[in-house]
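Please look over the sequence and structure first.

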Amino acid sequence: MSATTTSTPLRRFMDYAVLSVLAFVFVLPVIYLFLGSLKPSDEVLGGLSGFLPTHLTFDNYSAVLDSLNSDSTGYFWRFMGVSLLLAFVVVTGGLFVNSMAAYGLSRLKWRGREAVFTLILLLMLVPFESVAVPLFYMFNDQRNTLPILALPFIANAFSVYQFHTFFRSIPPSIEEAARIDGAGPWRTFFAIIVPMSKPAFASVAILTFLIQWGSFLWPVLMVSDPSVRPLPLEMSVFQGQQPPDWGQILAFGVLLVLPVLVIFAFFQRWFVQGVASSAVKG
């Protein structure tokens, strides 16, 4: 008994030490990104010396915004606005569609439910790259339009699975009490299930936002008009300019990452709860 008691603090210390080291290793590229965005281009690719906070300035950010501020180059804030609009449509539409689909699969009883859920699980194994070309030919007439950049990604098999897993953990007695009080499926879902499922909604929202915000293959196939070009695609165009200015490229990368950090900070508490509950259920 005493051996277990004495080994617990040591094990906890070792766990935190290992996790701290791993966290530091994973955050190093982000630190390099931020520091490099504040340095002149000739000091960015300096190896480990790039971590030294010397000659820091915001000139790279000003240069990026100034270089993307005309009809010939496009406008940075327009690219940002397109990405934010697409992410908003995909996230909000996905939360609505996928949560309702998961609720129907997990809580409602109807013939063929298990077969449909099995099909959804199989769809999780199909990478988007394998269907990108067929989708391109199907929607070729809709190229350079904002709806076609968002609509194919609203329904998502993995999001349905996440919601399904969380909904199955909710006690059926809660819905039975609501049914006794006269609440139908719609009222039960929106008035009871949704408020109880904030962690699941936060987890799905963050993961969906991350995937949509970094989407590149589909815009490459479907966008040739700069007016509907999302930010990741514009960054690839900006990076291809010769000669490359690495300070400005890293500044562009920071501007691309900032919305992700804001979204994660906003949903962090519920996201951690959702991940923890999923781990316990798994």
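**Salt bridges and annotated segments**

Glu-234 is buried, with a relative accessibility of 1%. Its side chain meets that of Arg-229 in a salt bridge, with N and O 2.7 Å apart. The model is predicted, and the structure holds three salt bridges.

- Arg-229 counts as buried because its relative accessible area, 14%, is under the 20% cut-off.

Glu-175 and Arg-107
- Glu-175 and Arg-107 form a salt bridge whose closest N and O atoms are 2.4 Å apart.
- This pair links distant parts of the chain, 68 residues apart.
- Glu-175 lies in helix α9 (residues 172-180), whereas Arg-107 is in the loop between α4 (76-106) and α5 (113-123).
- Glu-175 is buried at 7% relative accessible area, and Arg-107 also counts as buried, at 17% relative accessibility.

Arg-113 and Glu-114
- A salt bridge joins Arg-113 to Glu-114, with the closest N and O atoms 3.6 Å apart.

Annotated transmembrane regions
- An unreviewed UniProt entry annotates "transmembrane region" at residues 16-35, 75-103, 115-139, 145-163, 200-221 and 246-267.
- Residues 145-163 are 63% helix and 0% strand, and the C-alpha atoms at the ends of this stretch are 30 Å apart.
- Residues 200-221 are 86% helix and 0% strand, with 32 Å between the end C-alpha atoms.

Definitions and conventions: Residues are numbered from 1 along each chain as its sequence is written. This is a predicted model: local features need pLDDT of at least 70, side-chain atom pairs count only at pLDDT 80 or more; totals for chains, interfaces and linings use all residues. Side-chain values use heavy atoms; hydrogens and water are left out. UniProt positions are given in the numbering used here, feature names are shortened, and annotations may be inferred rather than shown by experiment. Helices (H or I, at least four residues) and strands (E, at least two) are DSSP runs, numbered from the N terminus. A salt bridge is a side-chain nitrogen of Lys or Arg within 4 Å of a carboxyl oxygen of Asp or Glu. Buried means under 20% relative accessible area, exposed over 50%, partly exposed in between (1.4 Å probe, protein chains only).
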